[in-house]
Amino acid sequence: RKRVRVHHLREMKERGHRWAMLTAYDMYTAATFDEAGIPVLLVGDSASNNVYGNDTTLPVTVDELLPLVRAVTRSAQHALVLADLPFGSYEASPDQCFHTAVRFVKEAGAHAVKIEGGDEITPHVELLARSGIPVMAHIGFTPQREHTLGGYRVQGRGEAAAALIATARELETAGAFALLLEMIPGELATQITRAVAIPTVGIGAGNGCDAQVLVWQDMAGLRTGRLPRFVKQYADLHATLVQAARDYAADVEAGTFPGPEHTF
Ligand code: KIV
Ligand code: NA
């Protein structure tokens, strides 16, 4: 298998072939999901929560994300590796956005970047696309703006729906290779997906999108506690690892590990 390119994603949309995206933040997750055939791996700013232990995505920095992107690009042989630009690293101007994106490409080997926003990021998308950096635009609920959006709330309800469709079209025209739709009504996501020729990737956006994304620790059950409604858990890694750690500790305490077969 060859490296996944943005044109492959567009062709999959034309063929009506849905695909799955996952986050990855390190070597083993990248290599494992790549082996599973996941075509796009997102090094999300969700690393803020899921790697660095913050409550939100706001604190994570470019310097904290770059090494994670580097690890994923080194480890994924086929997947397209998408780097999330963190809060504060791109919004001020297309110029700022360009320079941050270039760092992810040059220093970490990213194949594409993702930025959050609405029609105000159109010039940013335009500059990246013209400069040879594929860009995914993340619209709907944008976690980096939770303080202005008033917390985790479904976007695009009522009168806001038409505006979001217009924004999606504008970002497509600006040159985005795909749109990420987060926490919008399923019906609106279906309309946006039909309104644009580029792929849509949904999270909390229903079943009408071209692709779906989940944070891997949510998908694999490493995260505990109350999960968002849009998460489906496909494994219980938390229980598996707690049990493994307990079994190991018990063996050590009982003097049954290491055994002769582990001893030189
Ligand atoms: O950072 C992230 O994990 C995201 C999600 C929408 C998958 O942007
Ligand atoms: Na993100």
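What we have here is a predicted model, where local features need pLDDT of at least 70, side-chain atom pairs count only at pLDDT 80 or more, and totals for chains, interfaces and linings use all residues. Residues are numbered from 1 along each chain as its sequence is written, and chains are lettered from A and ligands numbered from 1 in the order in which they are written.

So, the helices. Helices (H or I, at least four residues) and strands (E, at least two) are DSSP runs, numbered from the N terminus. α5, residues 94-108, packs on α6, residues 122-130, at about 45°, and their axes are 9 Å apart. Those axes are lines fitted to C-alpha atoms over the stretch in contact, with angles from 0 to 180 degrees between N-to-C directions. And α5 passes α6 in a right-handed crossing. Who touches whom? On α5 it's P94, C97, F98 and A101, and on α6 it's P123, H124, L127 and L128, with contact meaning C-beta atoms, placed from the backbone, within 7 Å.

Now the ligand. Around ligand 1 we find T23, L42, G44, D45, S46, D84, L180, E182, I203, V213 and V215, counting a residue if its C-beta atom, placed from the backbone, lies within 6 Å.

UniProt, in an unreviewed entry, puts "binding site" at D45, S46, D84 and K114; such annotations may be inferred rather than shown by experiment. Those positions spread over 70 residues of sequence, yet they cluster in space, with a largest C-alpha distance of 12.4 Å. D84, by the way, sits in strand β3, residues 80-84.

Note on methods
A crossing is left-handed if the near helix is turned anticlockwise from the far one by less than a right angle, and right-handed if clockwise. Two residues are in contact if their C-beta atoms, placed from the backbone, lie within 7 Å.
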